[in-house]
Amino acid sequence: MKYTTVIFDLDGTLLNTLEDLMDAVNYALHEYGYPKRTLDEIRTFVGNGAGILVKRALPDGESNPDFEEILSVFRKYYTAHCEIKTHVYEGILQLLQLLQNDGLKLAIVSNKPDSAVKELNQSYFSSCVQAAVGEKEGIRRKPAPDMVQNALAELNSLQAETVYVGDSEVDIQTAANAGLDCISVSWGFRDTDFLRSHGASVIADTPQQVYEIIHSGTACSSQNASV
């Protein structure tokens, strides 16, 4: 097999976290008297970390004088309520188990706060996933390659033997910046047309297809993806 290691995005790839993210954003906005955001709006805001999510949801973004306080409220609320409506996508647990049985090393990299990433991994995937890396001091968030490099070091894995799996344009860019092959998935927060328009060459519609692509070694290099 070409690959020894698989690195997964979390939100929109392994877990459907959208409603909990929406509830946390709307709680923080409501506390300061701002209008709530819809699920479809939140879907377009996610992918670049908590700060960008709140920036996009809040009128006037970072220039709003309440931005830092609202971001703080969001972080605290989400950390305490990140598992209320969140659930694993169908077929994901079976995919992870199959890959583990085949001897592959598995990791998660996410722009969520590191504490939330580790908590969610512990709750849902700890029997299969050996490394979980989130946003924290000293590690740039995706699409910078830092989180991927951190995970590879933790797993003692080689870049050339690793494939990245994610659901967004941020993931395509992350794979490109880290020099990894990339599999995009269509069941998450971005649809197939959007993914293709942002450089996706290999798209899986089901977790079973992800497994088949990994085994065939036919994931496309992301070196030339749009960054």
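**Close-up views: salt bridges, helix packing and backbone details**

**View 1. Arginine 140, at 53% relative accessibility, counts as exposed.** The cut-offs are under 20% relative accessible area for buried and over 50% for exposed, with partly exposed in between (1.4 Å probe, protein chains only). The model is predicted: local features need pLDDT of at least 70, side-chain atom pairs count only at pLDDT 80 or more, and totals for chains, interfaces and linings use all residues. Residues are numbered from 1 along each chain as its sequence is written, and side-chain values use heavy atoms, without hydrogens or water. The side chain of arginine 140 meets that of aspartate 146 in a salt bridge, 2.8 Å from N to O. A salt bridge here is a side-chain nitrogen of Lys or Arg within 4 Å of a carboxyl oxygen of Asp or Glu. Aspartate 146 counts as buried, at 16% relative accessibility.

**View 2. Lysine 2 and aspartate 181 form a salt bridge through their side chains.** The N to O distance is 2.9 Å. Lysine 2 lies in the segment before strand E1 (5–8) and aspartate 181 in strand E7 (residues 181–185), so the pair ties together parts 179 residues apart in sequence. Helices (H or I, at least four residues) and strands (E, at least two) are DSSP runs, numbered from the N terminus. Lysine 2 is partly exposed, at 41% relative accessibility. Aspartate 181 is buried, at 11% relative accessible area. The count of salt bridges comes to eleven.

**View 3. Aspartate 11 and lysine 112 meet in a salt bridge.** Their side chains come to 2.9 Å, N to O. Aspartate 11 sits in the loop between E1 and strand E2 (15–16), lysine 112 in strand E4 (residues 105–113), and the two are 101 residues apart. Aspartate 11 is buried, and so is lysine 112.

**View 4. Helix H3 (residues 50–57) packs on helix H4 (residues 67–80).** The angle is about 120° and the axes are 10 Å apart. H3 is therefore oblique to H4. Angles under 35 degrees count as roughly parallel, over 145 as roughly antiparallel, 65 to 115 as roughly perpendicular and the rest as oblique. Ala50, Gly51, Leu53, Val54 and Lys55 in H3 meet Phe67, Ile70, Leu71, Phe74 and Arg75 in H4 (heavy atoms within 4.5 Å). The residues of this H3 and H4 contact divide into seven nonpolar, one polar and two charged.

**View 5. Helix H1 (residues 18–31) crosses H4 at roughly 140°.** The axes of H1 and H4 come within 8 Å. H1 and H4 are therefore oblique to each other. From H1, Asp20, Leu21, Asp23, Ala24, Val25, Tyr27 and Ala28 take part. From H4, the partners are Ile70, Val73, Phe74, Tyr77 and Tyr78. The H1 and H4 contact holds ten nonpolar, no polar and two charged residues.

**View 6. A cis peptide bond joins lysine 142 and proline 143.** Omega is about 15°. Proline 143 is found in the loop between strand E5 (131–135) and helix H7 (146–155).

**View 7. Aspartate 60 and asparagine 156 have positive phi.** Phi of aspartate 60 is near 70°. Aspartate 60 lies in the loop between H3 and H4 and is exposed, at 63% relative accessible area. Phi of asparagine 156 is near 55°. Asparagine 156 is in the loop between H7 and strand E6 (162–166) and counts as exposed, at 69% relative accessibility.

How values were computed
Axes are lines fitted to C-alpha atoms, for helices over the stretch in contact, and angles run from 0 to 180 degrees between N-to-C directions. Ala, Val, Leu, Ile, Met, Phe, Trp, Tyr, Cys and Pro count as nonpolar, Asp, Glu, Lys and Arg as charged, and the others, Gly among them, as polar.
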